[in-house]
Amino acid sequence: MKLSKRSIYIILVIVITIAVDQISKVIVRNNITLRTNINPGERIPILGDYFILMNVENTGAFLGMGSELNETLRIILLLILPIVVLGLVLRHIFKDKSLDNWSLFAFASIIGGGIANVFDRIAFGKVTDFLFIDLGGVFRTGIFNLADLSVTTGMIILLFASFKKKKSTT
């Protein structure tokens, strides 16, 4: 079976997204003292107090949501459902030949980030988060990782692509 350039592009974006995320998490796990959500402890400033590095193991989803769920619900909502959705989105981008390169990149980034975090939940029972941005009260994030960044970036690109598409059809 010969893969098209388009298919190779999709696979490369997914694989690179997963690899960069997993490498960053290994570095963080091995080099930054493990802290919990209850006691964040030491923060390592990267750019003053604006961009901070720490190690938090998250048993929930985005910003720890779902960490209080019972084990069965967590498996359904944080493993099975994401795997099904990621599989459906992957099938969609391979089949829909009308998607532009930005949309392909966005969907592949979302899939790669999703797979990376699902892998963590399967392999470790939790997801390693380590980045935190605080722009002095103007903008502040929760603690996140590169997979989360890939998913968010992909969603933003899709949002802009959909506005561009709507504008060109009117």
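**Figure 1. Accessible surface and overall build of the protein.** In this predicted model, the accessible surface of the protein comes to about 10700 Å². Carbon and sulfur atoms account for 70% of that surface. The C-alpha atoms fill a box of roughly 50 × 40 × 30 Å, taken along the principal axes. Of the 170 residues in the protein, 35% are buried.

**Figure 2. Helices and strands of the protein.** The protein contains four helices and three strands. Followed along the sequence, these elements give the pattern α-β-β-α-α-β-α. Helix 2 spans residues 71–95, and helix 3 spans residues 101–124. When contacts between residues at least 6 apart in sequence are considered, 62% of them join residues at least 24 apart.

**Figure 3. Charged side chains of the protein.** The protein carries 18 positive and 12 negative side chains.

**Figure 4. A nonpolar patch on the surface.** The patch is formed by L69, L73, I75, I76, L77, I80, L81, V84, V85 and L88. Together, these residues have about 790 Å² of accessible area. Two members of the patch, I80 and L81, are shown in the next view.

**Figure 5. I80 and L81 in helix 2.** I80 lies in helix 2, and L81 has its place in helix 2 as well. Are these residues buried, partly exposed or exposed? I80 counts as partly exposed because its relative accessibility is 46%, a value between the limits of 20% and 50%. L81 is likewise partly exposed, because its relative accessibility is 45%. The view also includes I111, which is 31 residues from I80 along the chain. The C-alpha atoms of I80 and I111 are separated by 14 Å.

Figure 6. D120 is located in helix 3. Is D120 buried or exposed? D120 is buried, because its relative accessible area is 0% and the term applies under 20%. Which residues does D120 touch, not counting residues up to four places away in sequence? The contacts of D120 are Q22, K25, R29, G125, K126, V127 and T128.

**Figure 7. D120 and N58.** D120 and N58 stand 62 residues apart along the chain. Their C-alpha atoms are separated by 10.0 Å.

Note on methods: Residues are numbered from 1 along each chain as its sequence is written. This is a predicted model: local features need pLDDT of at least 70, side-chain atom pairs count only at pLDDT 80 or more; totals for chains, interfaces and linings use all residues. Side-chain values use heavy atoms; hydrogens and water are left out. Helices (H or I, at least four residues) and strands (E, at least two) are DSSP runs, numbered from the N terminus. Buried means under 20% relative accessible area, exposed over 50%, partly exposed in between (1.4 Å probe, protein chains only). Contact means heavy atoms within 4.5 Å. Patches are made of residues with over 30% relative accessible area and no salt bridge: like charges are joined within 9 Å, nonpolar side chains (Val, Leu, Ile, Met, Phe, Trp, Tyr) within 5 Å. Accessible areas come from the Shrake-Rupley method with a 1.4 Å probe; for residues, only the protein chains shown count as cover. A salt bridge is a side-chain nitrogen of Lys or Arg within 4 Å of a carboxyl oxygen of Asp or Glu. Lys and Arg count as positive and Asp and Glu as negative; His and the chain ends are not counted. The place of a charge is taken as NZ of Lys, CZ of Arg, CG of Asp or CD of Glu.
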